[in-house]
Amino acid sequence: MTPRSMPHEFVQLQTTLDDRKQAEELIREAVERRLAACGQLLGPVDSTYWWNGAVEEASEWMCLFKTTGARAAQLERWIAERHPYEVPEIVTVGLTGVSKAYGEWIENETEE
């Protein structure tokens, strides 16, 4: 399911980068642009994946963004335009059970 059809009011979008500084900058700029209410940086995480017919391994930094379902597609496009990977991981998951206060905060911080 793509963010454009995301039925959830609030979502978490995640991506990974192999450079911590780039990951920090991506998070900061997304929040400054109000595409996300917050971003979190986890890692490094060890990734194992198929790429160009071979199993690869890499250390990466996971970026988690909290935003509204309405802003998810815009955030996805923005990340895809700036991401250095040929095929970046951009995964959006609908959030359920978001507290009223936290949901209101996400909405307020992502208003255009």
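Is glutamate 104 buried, exposed or partly exposed? Glutamate 104 is partly exposed, because its relative accessibility is 36%, where partly exposed lies between buried (under 20% relative accessible area) and exposed (over 50%), computed with a 1.4 Å probe on protein chains only.

## Basis of the model

This is a predicted model, in which local features need pLDDT of at least 70 and side-chain atom pairs count only at pLDDT 80 or more, while totals for chains, interfaces and linings use all residues. Residues are numbered from 1 along each chain as its sequence is written, and side-chain values use heavy atoms, with hydrogens and water left out.

## Salt bridges within helices

The structure holds seven salt bridges, a salt bridge being a side-chain nitrogen of Lys or Arg within 4 Å of a carboxyl oxygen of Asp or Glu. Side chains of opposite charge can pair when their charged atoms come close.

Lysine 100, at 64% relative accessibility, counts as exposed.

Another salt bridge links the side chains of glutamate 24 and arginine 20, at 2.7 Å from N to O. Glutamate 24 and arginine 20 are four residues apart in helix 1 (residues 20-32), and are therefore separated by about one helical turn. Glutamate 24 is partly exposed at 36% relative accessibility, and arginine 20 is partly exposed with a relative accessible area of 41%.

## The pair at residues 81 and 82

Glutamate 81 and arginine 82 also form a salt bridge, in which the closest N and O atoms are 3.3 Å apart. Glutamate 81 counts as exposed at 63% relative accessibility, whereas arginine 82, at 35%, counts as partly exposed.

## Threonine 16 in strand 1

Threonine 16 lies in strand 1 (residues 10-17), and it counts as buried because its relative accessibility is 4%. Leaving aside residues up to four places away in sequence, threonine 16 touches Glu60, Trp61, Met62, His83, Tyr85 and Glu89, where contact means heavy atoms within 4.5 Å.

With glutamate 60, the side chain of threonine 16 makes a polar contact of 3.4 Å. A polar contact is a pair of N or O atoms within 3.5 Å; within protein, one atom must be able to donate a hydrogen and the other to accept it, and residues adjacent in sequence count only if both atoms are side-chain atoms.

How values were computed:
Helices (H or I, at least four residues) and strands (E, at least two) are DSSP runs, numbered from the N terminus.
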